[in-house]
Amino acid sequence: TLCLVFCSFSALALEKDSTGAYLISSGADLKEFANKVIAGETKANAILTEDVDISEYVDWNPIMGVKKQSFIITYYTRTPYSGTFDGQGHTITGLTIKNDNSNNDHHLGLFGNNSGTIKNVTIVDANITVSTASADVKQGAIAGQNSGKIINCHSINSTMDNFSTGYASKVGGIAGINSGIIDGCSTDSGRCVVRSLSEVVGGIAGTNTGTIKNCENTAKVENT
């Protein structure tokens, strides 16, 4: 007798440690964590337990709260991530964002807008590109905008391209805008190229009204 069995499997829930922090060991885990924050868990904590590759996600949605609103027109409100993300010295490879102004998203990075703590993580081979006119883009490998803490984070062989002339974008190797603390961070390997046709660009941050200390940039910075 031949029996055909049809089974359905739901995605395994992210595991948590004893403190309630999400444990991330793969690119799929990181994507699931991002989706949870986007859906409203903006205070969630997370820990990387392995190096992860997210190159399969060809247009990454930056980690921050996003809520759809409708009043005459549809628009989105965004809430900064306010938890603690600890990379534990691991790497995240293959971050890719291509903003063609169709998604109305102006905070571009692994995290879109951060008011929490991001620490001990290295971004490798990121490519964040704004190819058409977009208003006031904040663009960096770790976070588009930071009002919290970015500690001991690094970007290696990453490219920040911005071609939105006349829109006052802020482009940096680590964060586009910093009003918080960036400490012990670097852009490295000499191949992290930050290019902008806009007016504000920097190796660590595009603009800074906070504190940047113990940081180093060896990447090429262009404003062409």
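Q: What does "buried" stand for when we talk about this predicted model?
A: A residue is called buried when its relative accessible area is under 20%. In this predicted model, 48% of the 224 residues of the protein chain count as buried.

Q: Why is Asn 178 called buried?
A: Its relative accessibility is 1%, and the cut-off for buried is under 20%, so Asn 178 belongs in the buried class. You will find Asn 178 in strand β18, residues 175-178.

Q: Which residues does Asn 178 touch, not counting residues up to four places away in sequence?
A: Asn 178 touches Asn 146, Ala 205, Thr 207, Asn 208, Thr 209, Gly 210, Thr 211 and Ile 212.

Q: How do you know which residues Ile 156 is in contact with, leaving aside its neighbours within four places in sequence?
A: The test is heavy atoms within 4.5 Å. Those in contact with Ile 156 are Thr 122, Ile 123, Val 124, Asp 125, Asp 188 and Ser 189. As for Ala 141, 15 residues apart from Ile 156 along the chain, the two C-alpha atoms are separated by 9.5 Å.

Q: Which residues touch the most other members of the largest nonpolar core?
A: Among its 43 residues, they are Leu 30, Phe 33, Trp 60, Ile 63, Phe 85, Ile 92 and Leu 110. Helix α1 gives the most to this core, with four residues.

Q: Which of Leu 110's contacts lie beyond four places away in sequence?
A: The list includes Leu 30, Trp 60, Ile 63 and Ile 92, along with Ile 123 and Ala 141.

Q: How many helices and strands make up the secondary structure of the protein chain?
A: There is one helix, together with 26 strands. Of the contacts between residues at least 6 apart in sequence, 78% join residues at least 24 apart.

Notes
Residues numbered from 1 in each chain as written. Predicted model: local features only at pLDDT ≥ 70, side-chain atom pairs only at ≥ 80, totals over all residues. Heavy atoms only, no water. Helix = DSSP H or I, 4+ residues; strand = E, 2+ residues; numbered from the N terminus. Buried < 20%, exposed > 50% of the residue type's maximum accessible area, 1.4 Å probe, protein only. Core = buried A, V, L, I, M, F, W, Y, C linked by side-chain atoms within 4.5 Å.
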